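Subject: Structure handover and notes

Hello,

Here is the structure I promised to pass on. Please have it open while you read the notes below.

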Amino acid sequence: MLKRYKWTWILLVVIVIGAGYLVYNAMGFGKEKLPVISQVGNFSFENVDGKTVSLDDTKGKVRLFYFFYTSCPDVCPVTTFMLSQTQKQLVKDGTFGKDAEFVSISFDPKVDTREKIKEFGDKFNVDYNGWYFLRGEDQQIRDLAEKSFKIAIMGDNKDNFSHANIIALVDRNNQVRKLYNANNTDEVTAESLAKDVENLAKE
């Protein structure tokens, strides 16, 4: 019987092995894990809805952190647009708001009122159910950026601000796992960000 159905059995074995391989990859097994770069320090800032948001309020989800200011003439709007495209992809697969959130933090609290920040976010069709837009005390924001994300923010107004255009990938346990140079648009795309978020959510 084995001889008679030899090729059938061989085909079945190949199918089973192939299916197992697909499941193995889909579950993220065998992939090299991203290293832990640093731990995100605690914070407590004001959201656009007037509520206070702390680190604990976002814990348990994979997050993308980004520091910006609304009057930024170049990189901040472009990078926020890319994040909005990442949001679209994560909404499609059901990850956004459930397993993943975004946290954008303004480092120009003197100018960036809640109303101004919301106006900025609205331009990019932000889903505020899974995307925090925060503001807070100037020095606390700079300390958080530098100590937790290795991002230096210099200057004191829109005419002399200087900052690294970095997006940070943070895991469910508040650990920074990857820093992206958002200016490198050849490698950092909405697709690559969404894929990394999805993979980290499976860990």
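Start with Tyr 180. Setting aside residues up to four places away in sequence, Tyr 180 touches Leu 64, Asn 165, Ile 166, Ile 167, Leu 169, Val 188, Leu 193 and Asp 196. Contact here means heavy atoms within 4.5 Å. Tyr 180 sits in strand S10. Its relative accessibility is 4%, so Tyr 180 counts as buried. The cut-offs are these: buried is under 20% relative accessible area, exposed is over 50%, and partly exposed is in between, with a 1.4 Å probe and protein chains only. Tyr 180 and Ala 168 are twelve residues apart in sequence, yet 6.3 Å apart in space, C-alpha to C-alpha.

A word on the source. This is a predicted model, in which local features need pLDDT of at least 70 and side-chain atom pairs count only at pLDDT 80 or more, while totals for chains, interfaces and linings use all residues. Residues are numbered from 1 along each chain as its sequence is written, and side-chain values use heavy atoms, with hydrogens and water left out.

The overall picture

The chain has six helices and ten strands. Helices (H or I, at least four residues) and strands (E, at least two) are DSSP runs, numbered from the N terminus. Of the 203 residues, 41% count as buried. Take the contacts between residues at least 6 apart in sequence: 71% of them join residues at least 24 apart.

The core

Which residues touch the most other members of the largest nonpolar core? They are Leu 64, Phe 67, Ile 105, Phe 149 and Ile 167, out of 54 residues in that core. A nonpolar core is a set of buried Ala, Val, Leu, Ile, Met, Phe, Trp, Tyr and Cys residues joined through side-chain atoms within 4.5 Å. Phe 149 touches Val 40, Phe 65, Phe 67, Leu 144, Ala 168, Val 170, Val 176 and Leu 179, not counting residues up to four places away in sequence.

Look next at helix H3 (residues 75-92) and helix H6 (residues 190-201). Their axes come within 8 Å and cross at roughly 50 degrees. The axes are lines fitted to C-alpha atoms, for helices over the stretch in contact, and angles run from 0 to 180 degrees between N-to-C directions. H3 and H6 are therefore oblique to each other. Angles under 35 degrees count as roughly parallel, over 145 as roughly antiparallel, 65 to 115 as roughly perpendicular, and the rest as oblique. From H3, the contact uses Met 82, Leu 83, Gln 85, Thr 86, Gln 89 and Leu 90. From H6 come Ala 190, Glu 191, Leu 193, Ala 194, Val 197 and Glu 198.

Glu 198 of H6 is partly exposed, at 23% relative accessibility. Leaving aside neighbours within four places in sequence, Glu 198 is in contact with Leu 90, Asp 93 and Thr 95. Glu 198 and Thr 95 are 103 residues apart in sequence and 7.3 Å apart in space, C-alpha to C-alpha.

Thr 79 also lies in H3. Is Thr 79 buried or exposed? At 2% relative accessibility, Thr 79 counts as buried. Beyond four places in sequence, Thr 79 touches Tyr 66, Asn 165, Ile 167 and Ala 182.

Ala 100 is in strand S5 (residues 100-106). Its relative accessibility is 0%, so Ala 100 counts as buried. Apart from neighbours within four places in sequence, Ala 100 is in contact with Lys 61, Val 62, Leu 90, Thr 95 and Val 197.

Phe 120 is in helix H4 (residues 114-122). Phe 120 is buried, with a relative accessible area of 5%. Among its contacts outside four places in sequence are Phe 68, Cys 76 and Phe 133. Phe 120 and Phe 133 are 13 residues apart in sequence and 9.7 Å apart in space, C-alpha to C-alpha.

Two positive phi values

Lys 150 has a positive phi of about 60 degrees although it is not a glycine. Lys 150 lies in the loop between helix H5 (138-149) and strand S7 (153-154). With a relative accessible area of 53%, Lys 150 is exposed.

Asn 174 is not a glycine either, and has a positive phi near 65 degrees. Asn 174 is in the loop between strand S9 (166-170) and strand S10 (175-181). At 5% relative accessibility, Asn 174 counts as buried.

Best wishes
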